[in-house]
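I opened the notebook to record a few look-ups. The entries follow in the order I made them.

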Amino acid sequence: MSTVAEGLSAEALACRRAERTLFRDVSFMLRSGEVLQIEGPNGCGKTTLLRTLCGLTRPAAGCVRWAGEDIRDNYAAYATELVYVGHHAGIKEELTPLENLVFAAALGGTNGRVTPEQALQRIGLPFECEDIPCRKLSAGQRRRVALARLLLSSSRLWILDEPFTALDVSGRGLVESLLREHAARGGMAVVTSHHAVDLAGSTVQQLYLG
Amino acid sequence: MNTPSLAHAWFALLRRDVMLALRQRGQLANPLLFFVLVVALFPLGMNPDPALLRNIAPGVIWVGALLAAMLALESMFRSDFDDGALEQMLLTPYPLPLLVLAKVAAHWLVTGLPLLLVAPLLALLLNLEGEAMVILLASLALGTPLLSLIGAIGVALTVGLRRGGVLLSLLVLPLYVPVLIFAAGAVGNAQAGMAVTGQLAFLGALLALAVALAPLATAAALRISLD
């Protein structure tokens, strides 16, 4: 029972957009150390499902529970356990990667293990990129800046929308290893991806939408 | 677990917004230039009789400030909406109305405060002097934050729309009218040597009300826009 109460669960979630039902009866239970991979064709509602899990979009039916509680009942507690990296990750074009990360840490909290500089290094952003505005970086480098937030955060639940987009092979390998480490520490992750994700050693659940 | 305090997050947000504005100075200068030009064109476009200018000065300066404030509104949440920073703001454990207040405060610092700083110059241009100028500054100091707070509600409601500009003006302008009436009225009274405490007290009361309530409405509107 304790493991059940620890994790994230969805109960009969349904979502409608513009009079069209995107998905219904989506249920799952994610426990500590597990990764949920969501697959499905374009436009089937993957991003909407992730936003619903974050509490940004209100489901048409069903509910999302964290530790057995509806996330709307105690949203602040849920928000401290959550990192969401969407298509647009809130990276400010005019700020440098370092400034972006320092700000993300100020708003989202840190785990005290990793400094923003170390996070950028680990994520594979060349040292000289730290001081140039993000608008001058490539799409893949910007994605790396967004994902560097994962290293700073102490949240147990990662919700990642297409984290592999625009990343090269080494970047994809890096994200996979981040996910494996996170799961090994007892974290949870919900990931959408069109690619096969190599998470050998972690428990991966798959959910097919559409 | 190491969640920073609310005050730390609040000032981080304020600092970031001011820093972003200072890096895009062109956007910053736009409303200010508009304000200066509108007011400076009046003496050219009509009879430059000092007595006449003095009479129309309160209205002209306040209408200019109001339109300049409206011109600057759109930028309050637009870029945050486009790059996902607004979503991230909603996903923090802090009360959203307080974060909204930080954003409005930053917006006022970079768009409202400059209006206040150039106003004495424009007042001299229109032959507004002495006590009337002091009252003009007092009314702007109370009024421009009010414009930012009220405007934030409108921006939050329309930020999800692709072309919300016209709608924003229609939504916000009626709410700006009381501010204009009381503020310009106060300056006019000061010129005529009459009491101004009534109007200024009204502006102060409206400001207190807006500080308390506008962030709540803005936060609710943002949640709707992002749903």
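How many bridges join β1(A) to β2(A)? I counted seven, and the two strands run antiparallel. Strands are DSSP runs of E, at least two residues, and helices are runs of H or I, at least four residues, both numbered from the N terminus. Two strands pair if DSSP finds at least two bridges between them.

I noted the source before going on. This is a predicted model, in which local features need pLDDT of at least 70 and side-chain atom pairs count only at pLDDT 80 or more, while totals for chains, interfaces and linings use all residues. Residues are numbered from 1 along each chain as its sequence is written, and chains are lettered from A and ligands numbered from 1 in the order in which they are written.

Entry on the sheet of chain A. I found four strands in an open sheet, ordered β2-β1-β4-β5, with antiparallel pairing. At the edges I listed β2 (20-30) and β5, each of which pairs on one side only. W66(A) is in turn the bridge partner of E69(A) in β5(A). β4(A) and β5(A) form a hairpin with two residues between them, and A67(A) in the turn has a positive phi of about 50 degrees.

Entry on two helices of chain B. I looked up α8 (residues 165-192) and α9 (residues 197-226), which pack at about 150 degrees with axes 8 Å apart. Axes are lines fitted to C-alpha atoms, for helices over the stretch in contact, and angles run from 0 to 180 degrees between N-to-C directions. The angle makes α8(B) roughly antiparallel to α9(B); the cut-offs are under 35 degrees for roughly parallel, over 145 for roughly antiparallel, 65 to 115 for roughly perpendicular, and oblique for the rest. Among the residues that meet are V179(B) and F182(B) from α8(B), and L203(B) and L206(B) from α9(B). Contact is taken as C-beta atoms, placed from the backbone, within 7 Å.

Entry on the two chains. Their contact takes 26 residues from chain A and 23 residues from chain B.

Notes
Two residues are in contact if their C-beta atoms, placed from the backbone, lie within 7 Å.
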